[in-house]
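Q: Could you take a close look at one part of this model for me and walk me through what you find there?

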Number of protein chains: 2
Amino acid sequence: MPYHAPVAEYQFILDHVVGLDQVTATDRFADATPDVTAAILTEAGRMSQEVLSPLNRSGDQHPARLENGVLRTSPGFDQGYRAIADGGWVSISAHPDHGGMGLPMALATAVNEMMSSACLALQIIPLMTQGQIDALEHHASDALKQTYLPKLVSGEWNGTMNLTEPQAGSDVGALTTSAEPRGDGTYAITGQKIYISWGDNDFTDNVVHLVLARLPDGPPGTKGISLFLVPKLIPDEHGKPGRANDLKVVGVEHKMGLHGSPTCTMQYDGATGWLVGREHDGMRAMFTMMNNARLGVGGQGIGVAEAALQHALAYATDRKQGRTPVEGGTGAIVDHADVRRMLTTMKADIFAARAIALACAVAIDMETATGAPDWSARAAFLTPIAKAFGTDTGIEVANLGVQVHGGMGFVEETGAAQYLRDVRVTAIYEGTNGIQAMDLAARKLMDGGEAAHALIDEIEAQAEAARATLPDLAEPLWQASETLREGLDWMIAQSDLTQRFAGAVPFLRAFARVLGGHYHLAAAMAETAAGQDNGPRTRLARFYLTRLLPEHAGLLAHATAGADDLYALSPDDLAA
Amino acid sequence: MPYHAPVAEYQFILDHVVGLDQVTATDRFADATPDVTAAILTEAGRMSQEVLSPLNRSGDQHPARLENGVLRTSPGFDQGYRAIADGGWVSISAHPDHGGMGLPMALATAVNEMMSSACLALQIIPLMTQGQIDALEHHASDALKQTYLPKLVSGEWNGTMNLTEPQAGSDVGALTTSAEPRGDGTYAITGQKIYISWGDNDFTDNVVHLVLARLPDGPPGTKGISLFLVPKLIPDEHGKPGRANDLKVVGVEHKMGLHGSPTCTMQYDGATGWLVGREHDGMRAMFTMMNNARLGVGGQGIGVAEAALQHALAYATDRKQGRTPVEGGTGAIVDHADVRRMLTTMKADIFAARAIALACAVAIDMETATGAPDWSARAAFLTPIAKAFGTDTGIEVANLGVQVHGGMGFVEETGAAQYLRDVRVTAIYEGTNGIQAMDLAARKLMDGGEAAHALIDEIEAQAEAARATLPDLAEPLWQASETLREGLDWMIAQSDLTQRFAGAVPFLRAFARVLGGHYHLAAAMAETAAGQDNGPRTRLARFYLTRLLPEHAGLLAHATAGADDLYALSPDDLAA
């Protein structure tokens, strides 16, 4: 089942839905001309289709494993990674100072998504490395930048992110890994980290770990955490990988999916590390990396969703069964109403999630290019939505993909089940989707809801503008955004954050639902403006607005129910 | 993680929510006294906890496999099955004429659910056998009954169901397996069947296959299909398993989950079979088995959901992380609002799905005991809802269970992922949930909606009755049932079934949502009537009615959107 990169779809959304033209109009991103954009998307699409996609099953069937302390990766992954590195796909958005292309995050987001569609297990490497590059560009010393950035940008070395410890999951502040200053500018890092994606491999020249640890005088909690760069092999005076550092992989998890991606337990035994950023200020640098990765993980969900849709659509178009209601149809199951409903739902939700992710990327680019606080606030607000809705969409679409296959979906040979097993973790890692929702409902409303209201204002303004040409789409969206605004105001009015947290997940989803409608309407308006009445994008928008958008009302009822009734049920009440 | 059988919960729902007293008041089920009911639930619960539950991981880790043509089952499954057979748990509802207990289906449904919680892979054997017993009791000749029923009822032999063929999935009428009459009362059965659960094993004395096949003069489609009983070993004149029949397992599927349950491809090479029921009337007998199995599969979903909830609750109560908002709390993650929200959602939906399944079982019992057409119509109407909502709940609850575990949910060692992988198939087998929804929206409304309206009338009458005592619960339920009635009337008004099918899945779910509210209200009313104001059941009902019930409105908007907009998007429009 070959994956086909939807290059024209990215191009349309970038050009007509999320406004890439604002980005390319800035000095910073003036190089991202239409020709460059088209070439990047086409080439990355081709590489994803031709090189990465054939590796996806290999990773599932021949998991990465630890053999006498050596990490052995899945067959073909070395060549796949080489293609990613050689194509420059690690470093599209990295700064040209260190060899990056310096192109917009919007383009990088589309490229990352295509690589996820093709082979999620392998795509994690460039995604983590990109986050590390971003963190080092913003927070590392010049010396560290000079040694590490060119190698990370070229893909010769790859990066990992070490936060989690056995006793400290989402509560990063509870970590106990220690960093002892040695007096020579280096630190001795000691402790154990778990769930480290690609903690090692057998095809890059070096692995660079960013590790959160606590200095001897670090206060408890997140305020006492510092960030350290800890390479697998310590670079010599020429910057070449030298002696082995005092760290090792001590275990690889046996997981539900993503078998090709080794999830490692890392042991640091006085490993040599260098401080990144200031002492006790590690969370700030780590957040740079995490925010980058959060958008990226949202894109992973969307990428898998795209692959699952293509896979299910091909099956449904090929599989003949029963009498279908379509005159002149082929008799394939795609013509059964319920199968069509599932596939169209998949398509409509992928569009919504993808547009949200690309809009978030555009906001990041505008922040980078202009430094304007409004863009910064927009990017910050959209990031948790892009992450959670993108990954939830990944899971739901992959789940529908299994269902479209019927019994064939549950047997492993078709590959439909692998998408569901692989994508499941994306709602968990880089901050669970619950954490994303709490971030949205608390931290991202600390501006009194200014960024959120600005977004709703835009949604309503566009709906107003569409009232004359597309009234049946504009009206329900306008109504929904009013309901969303009421929900938002309820959230803002809660000074007790627990009240917000009790409904944060449905609140985030309601926001995503309405935003998805906003971008669908934008697509329909663009089609209409181009002289195509009731074209396929308008029809897809109608499907979404009629059938999927109405979910927002029930979600907002849930979101604003408060915490009191929830805590009225004790854990004992929930027990059998 | 030990499973704890929620015996008191079944007892409460049977006694106070779904009206088991009506069943036990009939002559047919007069033996099901409160003492008997309590003893059955307690003993089956004990067996499930102590014998079956420890086998669940074994089945996952040591899948059943075909070894030189011999089917080898997972370690310990032989003893587990022996405990099921010896306890009489195969035949609770089988007629006493053949050694069954003759007890209500309502009790069998609760027992089946407990066995599913403990070890779904193994529970499939008694579930399939029960369906076969039901089909033979209703449709087989006396000679077949005498030979087979006592052995099936005792569990010495087990039963399977052979419908699907490679080219005919949900479209059973397309099957090509042939039956040639031999002139001696037997038939030669030839063909291949796929997805046969427990097509063989190494611990029962015989395996009895019910096989759909076509006689030489059988017209095309489902009207030309007959049902045959085809034993693995042909009984000799004493009824003992004799010579091997001409059939074999030629393959076992590699599946996403349920590894302990061998899913077989069966090859029949002129195997000897006996007709069950009349020629060309096989679908009728098969439907007896399927309807039985559909309710049972709904119970499988609920059973896995219960196990997943217990598992997640134990983890969340044990795992300490972060600062929780509960004064005097233990600091465990169960006290975080979003974790509490997930667990309470799991609990509330399990109650709803379980009450629907048990109400369906009570209707079947009343049909059996009284033959009244109203009960028959009620049972027929509730069966697809019980199947689809029960299994969807199984998947959603298991999915939430993974999420509650965070990173630990994605690694296999905790077992959280196994619940999700195992339960996923229940939305597919015994008729996909799409097929269930189409059955509901078409066949089950062929009475002009009489059964559906009668149910809504009951929902509204109960809500009216609760207005004085529980107004905050009664009012939203009454409103929701009015909205549901409008949706129902829209469905009935569509003479073109494609219009109904385009929204059948959300229609079924909306019906289940409102029904779930009805039973939650019944529980709250029972608690109130017993003098307990705002007890735990009332608080759980409030959670459901405030947060989950509102979903119905969005579902009904989707359900009544019609097929035109759906088919306005072609398969090409859905392609990338």
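A: Helix 3 of chain A and helix 6 of chain A run roughly parallel to each other, because their axes cross at roughly 0° and angles under 35 degrees count as roughly parallel. Keep in mind that this is a predicted model. Helix 3 of chain A covers residues 34-52 and helix 6 of chain A covers residues 105-139, and their axes come within 9 Å.

So who touches whom? On the helix 3 side of chain A, you'll find A:T37, A:I40, A:L41, A:A44, A:G45, A:M47, A:S48 and A:L52. Helix 6 of chain A answers with A:L107, A:A110, A:V111, A:M114, A:M115, A:A118, A:C119 and A:L122.

For some context, have a look at where chain A meets chain B. That contact takes 89 residues from chain A and 89 residues from chain B, and the two chains bury about 7,400 Å² between them, with 63% of it on carbon and sulfur atoms. A:F410, A:R547 and A:L574 supply 12% of the area that chain A buries against chain B, more than any other three residues.

Charged residues do turn up here: the side of chain A that touches chain B has 43 nonpolar, 24 polar and 22 charged residues. There are 2 salt bridges between the chains, including one from B:D573 to A:R539, whose closest N and O atoms are 2.9 Å apart. Helix 18 of chain A (residues 536-548) gives the largest share of chain A's side, 8 residues.

Note on methods: Residues numbered from 1 in each chain as written. Chains lettered and ligands numbered in written order. Predicted model: local features only at pLDDT ≥ 70, side-chain atom pairs only at ≥ 80, totals over all residues. Heavy atoms only, no water. Contact = heavy atoms within 4.5 Å. Buried area = accessible area lost by both parts, 1.4 Å probe. Salt bridge = Lys/Arg side-chain N within 4 Å of Asp/Glu carboxyl O. Helix = DSSP H or I, 4+ residues; strand = E, 2+ residues; numbered from the N terminus. Nonpolar A, V, L, I, M, F, W, Y, C, P; charged D, E, K, R; others polar. Axes fitted to C-alpha atoms, helices over the stretch in contact; angles between N-to-C directions. Parallel < 35°, antiparallel > 145°, perpendicular 65-115°, else oblique.
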